[in-house]
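Colleague: I am new to this structure. Please walk me through how its parts pack together.

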Amino acid sequence: MGDMNYAVILAGGSGTRLWPLSRRGMPKQLLPMIDGRSLLQLAFERAATLVDTSQIVVCAGRAYADVIARQLPDLQADNLLPEPVGRDSLPGVAWSVATLARRDPQAVVAVLTADHIMTPQTAFTASLREALSAAAEDPASFVTCGVVPTSAHTGYGYLQVGAPVNQAGTVFRVAAFAEKPSLERAQRYVAEGGWWWNSGMFCFRADTFLGQLAIHQPQLAASIDVLVSHPDQVDKIYPQLTKVSMDYGLMEPVAATTASAQILTVPLQARWSDIGGFPALAEYLRGEGGNSVEGRVIAQDCTDSLVLNRTTDGRLVAVCGLTDVIVVEDRDITLVCSMDQAERIKQLAELAREQGERYA
């Protein structure tokens with residue numbers, strides 16, 4: 001496993017597409033989602049198959065620090081980096097990596113996300129180990145985990161797979177990144193082959209990352225440097241950081257230049273679900289008749305519907321004759337929405353806040 005391997009779990013994000021389960025006080029990665037465990041707990045368990053728990057860092061919103069400490073009793077206190085405000089993914093990764101580099105200049109880091117489900121776990125572990133060792137061997141590389149697509153999904157970014165770089169043919173060059181495509185383009189990618197979903201998980205040497213950050217995001221790199229030297233200044237420094245994602249801010253510029261670094265990919269041979277909204281959760285929980293049912297529910301003549309009852313007061317949810325519908329019953333809110341309108345739940349959450357802060 002190697003002592004210089006570390007894992008960083010990004011647990012930011014509010015998850016408004018899973019409202020009303022996910023609310024201001026409880027974002028989606030902290031909700032009991034699968035068998036009573038949260039996505040963050042599942043992510044921590046996965047990371048612990050790669051590295052010792054003392055080498056797992058979690059970067060998350062400060063507001064959730066207490067909940068996270070309760071959910072992850074094995075997480076060391078100084079390995080929780082609480083963001084005073086969210087600044088998208090790159091500042092969180094940069095803060096985490098710079099913190100680790102200060103502890104161990106030889107650090108090789110796996111950046112993992114807290115809102116995915118991957119099964120079987122053994123496949124995840126094998127792919128990430130491959131990616132970590134590829135990153136350790138080639139100081140000029142960022143290694144991403146690509147997922148061989150099972151459908152023309154428009155909610156994911158894609159990467160174009162180039163030539164293999166190792167004898168075994170298990171590590172490949174990334175020829176290009178593509179943003180979330182139109183359905184037509186996604187269908188073309190799947191038909192052509194050679195395009196994988198971008199899982200958002202990366203492995204790299206800490207010094208490689210910090211070197212490229214200094215080239216492509218010099219302002220952010222300088223601020224992070226100050227922050228790591230003066231962690232007590234976090235409230236002053238963090239809100240001023242450039243708000244940018246890992247893909248836009250670093251991976252795409254690196255992919256475009258390739259002079260001093262290159263992006264490689266390893267296929268993730270696992271079933272991969274990004275639980276970004278109810279359709280993805282429905283896909284994951286799917287049972288008889290294509291329905292996904294949880295809690296005290298009676299469903300009659302329903303197909304391809306998600307019915308969740310998260311109440312604890314003995315309430316029963318009874319539905320009949322539904323097709324492609326989402327029904328969520330949660331303590332003080334009932335949500336009913338057709339599956340193909342699920343993206344609009346974000347706006348519903350905004351409108352609900354106008355009815356009172358408790359509904360947000």
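**Packing in the model**

Modeller: Helix 1 (residues 39-47) is mostly covered, with 8 of its 9 residues buried. Buried means under 20% relative accessible area, exposed over 50%, and partly exposed in between, with a 1.4 Å probe and protein chains only. Helices (H or I, at least four residues) and strands (E, at least two) are DSSP runs, numbered from the N terminus. This is a predicted model, where local features need pLDDT of at least 70 and side-chain atom pairs count only at pLDDT 80 or more, while totals for chains, interfaces and linings use all residues. Residues are numbered from 1 along each chain as its sequence is written, and side-chain values use heavy atoms, with hydrogens and water left out.

Colleague: Which residues in helix 1 are buried?

Modeller: Helix 1 spans residues 39-47. Its buried residues are L39, L40, Q41, L42, A43, F44, R46 and A47.

Colleague: R46 lies over the face of which ring?

Modeller: A charge sits over a ring if NZ of Lys or CZ of Arg is within 6 Å of the ring centre and within 35 degrees of the ring normal. R46 is 5.5 Å from the ring centre, and the ring belongs to F124.

Colleague: How many aromatic pairs does a search of the whole structure find?

Modeller: Rings of Phe, Tyr and Trp (its six-membered ring) pair if their centres lie within 6.5 Å; planes under 30 degrees apart count as stacked, over 60 as edge-to-face and the rest as tilted. The count of aromatic pairs is 9.

Colleague: What kind of aromatic pair do Y156 and W197 form?

Modeller: Y156 sits in the loop between strand 8 (141-147) and strand 9 (158-164), and W197 in strand 11 (residues 195-205), 41 residues apart. Y156 is buried at 8% relative accessibility, and W197 is buried at 4%. Their rings are 4.8 Å centre to centre with 75° between the planes: edge-to-face.

Colleague: Why is the pair of W197 and W272 tilted?

Modeller: W197 lies in strand 11 and W272 in strand 13 (residues 271-274), so the pair ties together parts 75 residues apart in sequence. W272 is buried too, at 7% relative accessibility. The ring centres are 6.0 Å apart, and the pair is tilted because the planes are at 40°.

Colleague: How many disulfides does the structure hold?

Modeller: A disulfide is a pair of cysteine sulfur atoms within 2.5 Å. The sulfur of C59 is 17 Å from the closest cysteine sulfur, in C203, too far for a bond. For C337 the closest is in C302, at 15 Å, also too far. The number of disulfides is 0.

Colleague: At what angle do the axes of helix 6 and helix 9 cross?

Modeller: Axes are lines fitted to C-alpha atoms, for helices over the stretch in contact, and angles run from 0 to 180 degrees between N-to-C directions. The axes of helix 6 and helix 9 (residues 246-257) come within 10 Å and cross at roughly 90°.

Colleague: Which residues of helix 6 make the contact with helix 9?

Modeller: Contact means heavy atoms within 4.5 Å. Helix 9 brings M246, G249, L250, P253, V254 and T257. Helix 6 brings F209, Q212, L213 and H216.
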